[in-house]
Amino acid sequence: MGTVYYIIEVIVILAVVLIFCGSMFIRLAYRGHRVPQDYKYEPTVTVLMSCFNEGKAVYDTIKYILESDYPKDKITVIAVDDCSKDDSWVWMQNIAKLYPNVMVFRNTENKGKAHSLLFAFEKSDSELILIIDSDGELDKNAIKELTSCFFNPVVGGVGGCVRVRNASDNWLTQMQTLQYNSVFQLAKVGETFTGSVSCISGAIFMLRSSIYNNIQADIKTRTWLGYEVKEGEDRFMTNLILHLGYKTIVNNKAKVFTDVPNNFKQFFSQQLRWRRGFCRILLWSVKPTIFIKNVKTLKSIPLFRLYFLSMLAFIAPALITWLLISSS
């Protein structure tokens, strides 16, 4: 059994090295980090936000959006307070009074991010939808960088680059900064090169309104072990876009800045939430009908990352546990 474990460990290391080197090669040799754009293409955009206990941060986030280098008459912000227990709703109302293109709503009960965004979407009438977190700092050029990619009708979803704002807090935030940079500057480069990014970050996620309308039924009816899924499932949405035959890409020139957890309690809570979402999408992906769709729509790199590395990630801990028990 020990031999099997070491074989799997070697395979995992080789796979990671292969992905790293492959992404680096695509970035340098084929400029795979660059995407086709047309800055003359300026469609209307509605920014959707779901807020829960963000306080003044939600006010600042909306202000960053409105200060974007994009035609002001083509931007609308629709924010939904998901029953915050702090003063978030007050801050949302304050900024809505200052800007006519900002609409704010409050849920009568906590519905979760996914359903709050869909409620906001019902109020929109733009060509493109931009989903961002309610505590993010959107770069002035982000909207322009994202929309310019949609001149190509085969592009259905475009993500941006999530940058860490509090990198200098401590060594934990520094490690997360390294992780974020490696993901966006390397891992997603290969997927963008093939036009099949498997997960666009929910912190900065733009898609066509027509596509969001087509997939909203899948989002509304999604369950996990019999329970309704309330979280914003960015990986799930990305896969639905691919299944419709569209391309998904990441434009690293479109930036949003966010704070990462600077203590272990917040960090493990975040990681647990992310891993729970990853488990949901993995088990959903192994369904025969979904597996066939993924094989047809995903290219080699994201397909490899989704299935092969995911399976190894589940097998390796089990083998380690077994070895520890058997050797004791």
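These notebook entries record what I looked up in the predicted model shown above.

**Entry 1. Ground rules.** I worked with a predicted model, in which local features need pLDDT of at least 70 and side-chain atom pairs count only at pLDDT 80 or more, while totals for chains, interfaces and linings use all residues. Residues are numbered from 1 along each chain as its sequence is written, and side-chain values use heavy atoms, with hydrogens and water left out.

**Entry 2. The chain as a whole.** I found eleven helices and ten strands in the chain; helices (H or I, at least four residues) and strands (E, at least two) are DSSP runs, numbered from the N terminus. Of the 328 residues, 47% are buried. I took buried as under 20% relative accessible area, exposed as over 50%, and partly exposed as in between (1.4 Å probe, protein chains only). The accessible surface comes to about 16,200 Å², and carbon and sulfur atoms hold 60% of this area. Areas come from the Shrake-Rupley method with a 1.4 Å probe, and for residues only the protein chains shown count as cover. I then looked up contacts (heavy atoms within 4.5 Å). Among those with a separation of 6 or more, 83% are between residues 24 or more positions apart.

Entry 3. In H2 (residues 57-66), I noted Val-58, Tyr-59, Thr-61, Ile-62, Ile-65 and Leu-66 as buried. These residues cover an arc of only 165 degrees around the axis, which puts them on the same side of H2. The arc is that of the directions from the helix axis to the C-beta atoms. An α-helix has 3.6 residues a turn, so residues three or four places apart point the same way.

In H8 (residues 234-243), eight of the ten residues are buried, so this helix is largely enclosed by the rest of the structure. Among the buried residues I listed Phe-236, Met-237, Leu-240 and His-243. Gly-245 follows H8 and has a positive phi, near 95 degrees.

**Entry 4. Cysteines.** I looked for disulfides (pairs of cysteine sulfur atoms within 2.5 Å) and found zero. Cys-149 is buried, at 1% relative accessibility, whereas Cys-83 is partly exposed, at 23%.

**Entry 5. Salt bridges.** I counted a salt bridge where a side-chain nitrogen of Lys or Arg is within 4 Å of a carboxyl oxygen of Asp or Glu. The count came to eight. Asp-60 pairs with Lys-56, with the closest N and O atoms 2.8 Å apart. Asp-69 pairs with Lys-144 at 3.1 Å between the closest N and O atoms. Asp-69 lies in the loop between H2 and strand E2 (75-81) and Lys-144 in helix H5 (residues 142-147), so the pair ties together parts that are 75 residues apart in sequence.

Asp-133 pairs with Lys-113, the closest N and O atoms being 2.9 Å apart. This pair links the loop between strands E4 (128-132) and E5 (137-138), where Asp-133 lies, to helix H4 (residues 113-121), which holds Lys-113. I also found Glu-137, Arg-165 and Asp-259 joined into one network by salt bridges that share partners.

**Entry 6. A nonpolar patch.** For patches I used residues with over 30% relative accessible area and no salt bridge, joining like charges within 9 Å and nonpolar side chains (Val, Leu, Ile, Met, Phe, Trp, Tyr) within 5 Å. Trp-171, Met-175, Leu-178, Phe-264 and Phe-268 make a nonpolar surface patch of about 600 Å². Helix H6 (171-194) gives the largest share, three residues, and helix H9 (264-285) supplies at least two. Phe-264, in H9, is partly exposed at 43% relative accessibility.
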